[in-house]
Amino acid sequence: MNLKLKPDDLSQLMLRLSTTWRVYAPSSEYRGGRFADTENVIYQKVNNWEDIVWKEKSHMSPKAVILPITETLFYFDKEIIQIADINTTPLLIFSRACDINAISRLDHMYLRNGGNADYSYQRLRDKIRFVLIECEESFENCFCVSMGSNRTDTWSAAVRFSEYGATISVKDADLLPFFADLGAQCDYTPSFVEQNREQVRTPDSVCDDPQKIRKIVTEHPLWQTYDSRCISCGRCTTGCPTCSCYSVFDLAYEENPQRGERRRQWSSCLVPDFSNMAGGHGFRPQPGNRLRFRALHKVNDYKARAQGTEHMCVGCGRCDDRCPQYIKFSLIINKMTDAVQQALAQEESV
């Protein structure tokens, strides 16, 4: 079903949806931005369609809705463990194509990686539907086309916003009743970005052996430059829709240390000491080494391990948007590919 909705129709629709769904969408956080007196566009619960920010890319991804920054897994009282409650009210999330594709990467990491499903993630994931926000054009630093994540058909509804309302396509039968008697029938097929200003070539475009790619890239000196540039703040990973690293810790209550809760909290492979082992041994002491690990995971190792056709990186460009040192991840990918291509050319010339 395709409908053209006026502002009043959209307002009525949001009221109807809120009776059954928790509706999340990109929304402005007042004075929460990177610079003074600027706003931060994050995923928040919305009740009015005017609160949805659709003209610009969100600074944070919808990952934060599914995987809270800090989450209590269970409570303990001596030998008694109680699993933490999760709000399983159905979720309707307004997302762009790259972010919807990113969820498939998280699904693999939390539901299929290692043959085990994360209990907390699974309970919430089963209740989620997506509304595709159409991108009119590519945003700054996006390279989703190069990563093949500019398109998706994993949506329950798709919407094209305008100053005069919205055009919506609905294909999920569970959503159809909410649109009864609203808007006017029309022809609408969601369109997708076909070209980005930023373009990348991934290493597997010049070499089909992930182990060989890893060996060449790991030993390449290009990472030494980032030892002085990268400050290991982790901003790129907090904005990334596919980063899944976290730390687990126990919080004991002051009134009774035998009672407390176990929490997990976002962390990052770029943060110093994240990979430290008991005894203090660390695998990647230099910032360049940690950046290399992240880059290989995003455009080589994940795809090889998951035995899939997609890289972990979806080309949303938020890492480039957020880096205080202006390190471009898209440029890093191209440098990696150039390094592999040069190494292969040298082998052939011998």
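Helix α3, residues 97–112, lies across β3, β6 and β7 (128–133), and its direction runs at about 150° to β7. A few conventions as we go: helices (H or I, at least four residues) and strands (E, at least two) are DSSP runs, numbered from the N terminus. Axes are lines fitted to C-alpha atoms, for helices over the stretch in contact, and angles run from 0 to 180 degrees between N-to-C directions.

This is a predicted model, where local features need pLDDT of at least 70, side-chain atom pairs count only at pLDDT 80 or more, and totals for chains, interfaces and linings use all residues. Residues are numbered from 1 along each chain as its sequence is written, and side-chain values use heavy atoms, with hydrogens and water left out.

So, what is the strand order in the open sheet that 8 strands form? Reading across, we get β3-β2-β6-β7-β8-β9-β1-β10, with mixed pairing; two strands pair if DSSP finds at least two bridges between them. The edge strands, β3 (40–45) and β10 (184–185), each pair on one side only. Inside that order, β8 (residues 157–162) and β9 (residues 165–170) are antiparallel partners over 6 bridges, and Ala158 stands opposite Ser169 in β9. Helix α1, residues 7–17, packs on this sheet too, touching β1 (2–5), β2 (22–29), β6 (91–95) and β9, where touching means heavy atoms within 4.5 Å. The direction of α1 makes about 50° with that of β9.

Now for the other sheet, which is open and has 4 strands in the order β5-β4-β12-β11, with antiparallel pairing. Why is one side of β5 and of β11 left without a neighbour? Because β5 (80–83) and β11 (246–253) stand at the edges, each with a single partner strand. The twist averages 25° from one strand to the next. Strand β4, residues 70–77, pairs with β5 over 4 bridges in the antiparallel sense, and Asp77 has Ile80 in β5 as its bridge partner.

On to the helices, starting with α9, residues 287–306. Its 20 residues reach 26 Å from first C-alpha to last, close to the 28 Å expected at 1.5 Å a residue; that expected span is 1.5 Å times one less than the number of residues. There is a bend of about 60° in α9 at His297, taken as the angle between axes fitted to the seven residues ending there and the seven starting there. After α9 comes Gln307, with a positive phi near 50°.

Finally, α11, residues 329–349, packs against α9 at an angle of about 80°, with the axes 11 Å apart. The two are therefore roughly perpendicular, a label for angles of 65 to 115 degrees, with under 35 roughly parallel, over 145 roughly antiparallel and the rest oblique. Leu291 and Val299 are among the α9 residues that meet α11, where the partners include Phe329 and Met336.

Helix α6, residues 210–219, also meets α11: their axes come within 9 Å and cross at roughly 100°. That makes α6 roughly perpendicular to α11. The contact includes Ile213 and Ile216 of α6, and Met336 and Leu344 of α11.
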